Amino acid sequence: MHVVKDRVQRSTSLLQSLMGERDRWQRQTDAFGEQIATLVGDVLLSSVMLSYLGMFDQEMRTTVVNQVLNRLQAAKIPVCGTPLFQECGTSLEEKEKEEKRERKH
């Protein structure tokens, strides 16, 4: 009887682990679907960042990115559009200047 109880416990443990894996895979599948839905917009926004914003300061980058985001929204193209895009291409000198300005305030 002890052997049967051990087997049942192991089987139950295995089933619970598999259910946890199923939940994890389902969450990853849902997240992948969201990434696919915003892929076109994210690529367009990234392309703008790489092509046009390298020589501009942070203020101009923010303005252009917001304009692009507005146009993508008007065209009903979904985009993730995280604020990290606005930090792309910021030079070390610009970051140091911004930190100094923030310290003064």
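Patches here are built from residues with over 30% relative accessible area and no salt bridge, joining like charges within 9 Å and nonpolar side chains (Val, Leu, Ile, Met, Phe, Trp, Tyr) within 5 Å. A salt bridge is a side-chain nitrogen of Lys or Arg within 4 Å of a carboxyl oxygen of Asp or Glu, and accessible areas come from the Shrake-Rupley method with a 1.4 Å probe, where for residues only the protein chains shown count as cover.

This is a predicted model, in which local features need pLDDT of at least 70, side-chain atom pairs count only at pLDDT 80 or more, and totals for chains, interfaces and linings use all residues. Residues are numbered from 1 along each chain as its sequence is written, and side-chain values use heavy atoms, leaving out hydrogens and water.

**Exercise 1. Get the overall layout of the chain.**

Step 1: Go through the helices and strands (DSSP runs numbered from the N terminus: H or I of at least four residues, E of at least two).

Step 2: Check the surface. The chain has an accessible surface of about 8,900 Å², and carbon and sulfur atoms own 59% of that.

Step 3: Check burial (buried is under 20% relative accessible area, exposed over 50%, partly exposed in between, with a 1.4 Å probe and protein chains only). Of the 105 residues, 15% count as buried.

**Exercise 2. Which residues make the nonpolar surface patch?**

Step 1: Pick out Phe 32, Ile 36, Leu 39 and Val 43, which make a patch of about 390 Å².

Step 2: H1 (2–37) and H2 (39–52) each supply at least two residues of the patch.

Step 3: Zoom in on Ile 36, which sits in helix H1. Ile 36 counts as partly exposed because its relative accessibility is 46%.

**Exercise 3. Take apart the largest nonpolar core.**

Step 1: Apply the rule: a nonpolar core is a set of buried Ala, Val, Leu, Ile, Met, Phe, Trp, Tyr and Cys residues joined through side-chain atoms within 4.5 Å. The largest one has eight residues: Leu 45, Val 48, Met 49, Leu 53, Val 64, Val 65, Val 68 and Leu 72.

Step 2: Sort by element. H2 and helix H3 (58–74) are the ones giving two or more residues, and H3 gives the most, with four.

Step 3: Look at contacts (heavy atoms within 4.5 Å). Leaving out residues up to four places away in sequence, Val 68 touches Leu 45 and Val 48.
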